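Trainee: I am new to this structure and would like a close look at a single part of it. Could you take me through that part slowly, and then show how the rest of the chain relates to it?

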Amino acid sequence: MTRACPLCKLTSVTKTLGDRIRELRDAADLSLRDLSKNTGGLTASFLSDIELGRRFPSDDALARLAKALNTTPEDLRKYDTRPPVNEMKRMSAQHPALGLAFRKITAMSPEEILKMVDKSSKAKKG
């Protein structure tokens with residue numbers, strides 16, 4: 001089950017971007033070399049690194065991967081677990097208290113964050 005935090009749009013996802021790419025590649029019965037050819041030149045070693053979570057694709061590479069795997073870049077982005085750093089920096093600059101909140105939340109487990117969000121939602125409902 002995927003649940004999203006209404007404040008920061010982070011989700012609790014069990015699958016990573018690499019897992020999703022591997023899942024789609026396996027479903028299409030493609031080897032890393034086959035996928036490499038279908039992406040127009042992303043190397044098999046680069047694709048392997050993405051699947052293993054050692055590297056992340058640029059927007060262009062993500063679009064090429066999505067096309068080769070018959071999905072959309074938006075579908076793949078759902079599994080990108082990296083924090084939206086630029087957005088967080090912009091928000092922190094506008095509201096300094098968010099910087100402190102972001103630092104505190106990074107020390108929490110996903111379960112603790114979801115409990116906090118659930119508690120906040122219940123309090124708002126009444």
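Mentor: Let us begin with Ser 36, which is buried, since its relative accessible area is 14% and the cut-off for that word is under 20%. Bear in mind throughout that what you see is a predicted model. Ser 36 has its place in helix 2, and, once its neighbours within four places in sequence are left aside, Ser 36 is in contact with Gly 41, Leu 42, Thr 43, Ala 44 and Leu 47.

Leu 65 belongs to the largest nonpolar core, a set of 17 residues in which Ile 21, Leu 35, Leu 65, Leu 69 and Leu 76 have the most contacts. Helix 1, helix 3 and helix 4 each supply at least two residues of this core, and helix 4 gives the most, with five residues. As a general background to this picture, nonpolar side chains in soluble globular proteins tend to be buried together.

Helix 1 deserves a look of its own, for its buried residues are Leu 17, Gly 18, Arg 20, Ile 21, Leu 24 and Arg 25. These residues cover an arc of only 160° around the axis, and they therefore lie on the same side of helix 1. The cover over the buried residues of helix 1 includes helix 2, helix 3, helix 4 and helix 5.

Arg 25, one of these buried residues, brings us to the charged side chains. The structure holds 13 salt bridges, and in one of them the side chains of Arg 25 and Glu 51 meet at 2.7 Å, N to O. Arg 25 lies in helix 1 and Glu 51 in helix 3, which spans residues 44-51, so this pair ties together parts that are 26 residues apart in sequence. Both partners are buried, with a relative accessibility of 10% for Arg 25 and of 6% for Glu 51.

A further salt bridge joins Asp 59 and Arg 77, whose closest N and O atoms are 3.6 Å apart. Here Asp 59 lies in helix 4 and Arg 77 in helix 5, so the pair ties together parts that are 18 residues apart in sequence. Asp 59 counts as exposed, at 55% relative accessibility, whereas Arg 77 counts as partly exposed, at 36%. The side chain of Arg 77 also meets that of Glu 74 in a salt bridge, at 3.8 Å, N to O. Glu 74 and Arg 77 are three residues apart in helix 5, and are therefore separated by about one helical turn. Elsewhere, salt bridges that share partners join Lys 15, Arg 20, Glu 23, Asp 75 and Lys 78 into one network.

Asp 29 lies in the loop between helix 1 (17-27) and helix 2 (32-38), and its phi is near 55°, a positive value in a residue other than glycine. Asn 70, in the loop between helix 4 (59-68) and helix 5 (73-77), has a phi near 55° as well, again positive in a residue other than glycine. For context, most residues other than glycine have a negative phi. Asp 29 counts as exposed at 67% relative accessibility, and Asn 70 is exposed too, with a relative accessible area of 74%.

The buried residues of helix 8 are Ile 113, Leu 114 and Val 117, and they cover an arc of only 95° around the axis, so they sit on the same side of helix 8. On the other side of helix 8, Glu 111, Lys 115, Lys 119, Lys 122 and Ala 123 are exposed.

Methods. Residues are numbered from 1 along each chain as its sequence is written. This is a predicted model: local features need pLDDT of at least 70, side-chain atom pairs count only at pLDDT 80 or more; totals for chains, interfaces and linings use all residues. Side-chain values use heavy atoms; hydrogens and water are left out. Helices (H or I, at least four residues) and strands (E, at least two) are DSSP runs, numbered from the N terminus. Buried means under 20% relative accessible area, exposed over 50%, partly exposed in between (1.4 Å probe, protein chains only). A salt bridge is a side-chain nitrogen of Lys or Arg within 4 Å of a carboxyl oxygen of Asp or Glu. A nonpolar core is a set of buried Ala, Val, Leu, Ile, Met, Phe, Trp, Tyr and Cys residues joined through side-chain atoms within 4.5 Å. The arc is that of the directions from the helix axis to the C-beta atoms. Contact means heavy atoms within 4.5 Å.
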